Amino acid sequence: MKSRTSKVLHTLAGRSMLGHVLAASGALEPQRVLVVVGHRREQVTEHLAQIAPAASAVVQEEQNGTGHAVRIALETVGVLDGIVVVANGDMPLLRPETLQELVSAHRAEKNAVTLLTTDIPDPTGYGRILRDADGAVEGIVEHKDATDEQRAIHEMNVGLYVFDGSLLDAALKRLTTDNANGEEYLTDVVAILRGDGHRAGAYKAPDWTETQGVNDRVQLAQARRQLNDRILDGLMREGVTVVDPATTWVDVQVSVGQDAVLHPGTQLHGATVIGEGAEIGPDSTLTDTRVGEDAVVTRAVTIDAEIGAAASVGPYAYLRPGTRLARKAKAGTYVEIKNSVLGEGSKVPHLTYVGDADIGQGTNIGAACVFVNYDGVEKHRSTVGDHVKIGSDNMLVAPVTVGDGAYTAAGSVIIKDVPPGAMAVARGQQRNVEGWVERKRAGTPAAEAAKRARENGTQEGDK
């Protein structure tokens, strides 16, 4: 990956590659999960503790092959009785259903080992499946060790196996490094078990794309697109309109209700939930945000916010963490709201910053207002009641309370509480200095315009 980040921690659709594999394997309800770590192990172990605290990390000090990795795991925890599933951590497109079918086939055929295989258009670099006359797996040959005839086979070994646990432990102890890479191949366990008279089977994945590994950023981008297409396909089949799938990106944990519309340039991240009939985009990015039914979000960025039913956000709005908009509330053009509650039907139409405030129902905040919440040391909250009219170009210096039904005059700096029903006027008295421009800015276009206006006014007065 040419990265400071471990390969399996690179993300797609809101999860790391490792996270996707663990999520898929969770469908099997495993009694125990072991994750073999080596390169950049500290990163992987820390991430594992966050996403799957019940899983255990097993350190592989030297990376001597897949068989060696599994052997180290068993030597660490002891023999695992029953079914043991071994998967690669760089297969983010793997479907839970495929794992379940693989294990079902293993049980039904009473195999000692069952491989996940698939037919791939270009199997270069992958191990090929060798079958006997009865269709059982006779062996696996790695690409580097395969003959030309064997390389013509398109059924490939995915690198995902189901084993009988006790038989696996014994076979791993008999692995050698007699191959082109000088490593312990897990694929050799198949030959060992076959040589001992046990049956090896295979379940062929119906869609080869889900079995792809990711080894560089080109493949990561391809996997990201394939997974996103899969997510959007599922949403559209459940009644969601995606206007332009090529520019719409949705994470795996996102939920979108029926009749919602996702316009071009929409990105839905994290645990975002979109209600039925809501309209998102174009050009909107929502992260960990809940959007109510029939709400509209246009050209906006929201993070950890809640947007009520039939509410309106944008264009060019920014809802920061802790923002809660009630039903039919509005956060309009060039509005930023942080850690604040906007009551039902209340509006912040344009050019305003609201920080750390509680605003009641039916209130209107005029253009170009600022809720001044920071005194240089601490943050403070403001409270604005129901059906209040805050005039344009107001500064509300927290902590301050504006009572129900109150008004504030345009251009005011509100530093004291305003009683319910009062009109607050907090601005200097206007004073006009006649003739100032002609005296102080003589020769400028402004002075010439003022002179013409004065002379025209005089002539009109003479008439």
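Mentor: Let's start at Pro315, which sits in the loop between strand E23 (312-313) and strand E24 (317-319). Strands here are DSSP runs of at least two residues marked E, helices are runs of at least four marked H or I, and both are numbered from the N terminus. Keep in mind that this is a predicted model: local features need pLDDT of at least 70, side-chain atom pairs count only at pLDDT 80 or more, and totals for chains, interfaces and linings use all residues. Residues are numbered from 1 along each chain as its sequence is written, and side-chain values use heavy atoms, with hydrogens and water left out.

Now look at the backbone. The peptide bond running from Gly314 to Pro315 is cis, and its omega is near 5°. Step along to Tyr316, which lies in that loop between E23 and E24 too. Tyr316 isn't a glycine, yet its phi is positive, at about 60°.

Pro399 has its place in the loop between strand E34 (395-397) and strand E35 (400-402). Arg40 is in the loop between strand E3 (34-37) and helix H2 (41-51), and its 31% relative accessibility makes it partly exposed.

Then zoom out. The protein has 10 helices and 38 strands in total, and buried residues make up 43% of its 463 residues. Its C-alpha trace spans about 120 × 45 × 45 Å along the principal axes. The radius of gyration (taken over C-alpha atoms) is 33 Å, but a compact globule of 463 residues would come out near 23 Å, going by a rule of 2.2 Å times the number of residues to the power 0.38.

One last stop is Thr66, found in helix H3 (residues 66-77). With 42% relative accessibility, Thr66 is partly exposed. Setting aside neighbours within four places in sequence, Thr66 is in contact (heavy atoms within 4.5 Å) with Glu184, Tyr185 and Leu186.

Technical notes. Buried < 20%, exposed > 50% of the residue type's maximum accessible area, 1.4 Å probe, protein only.
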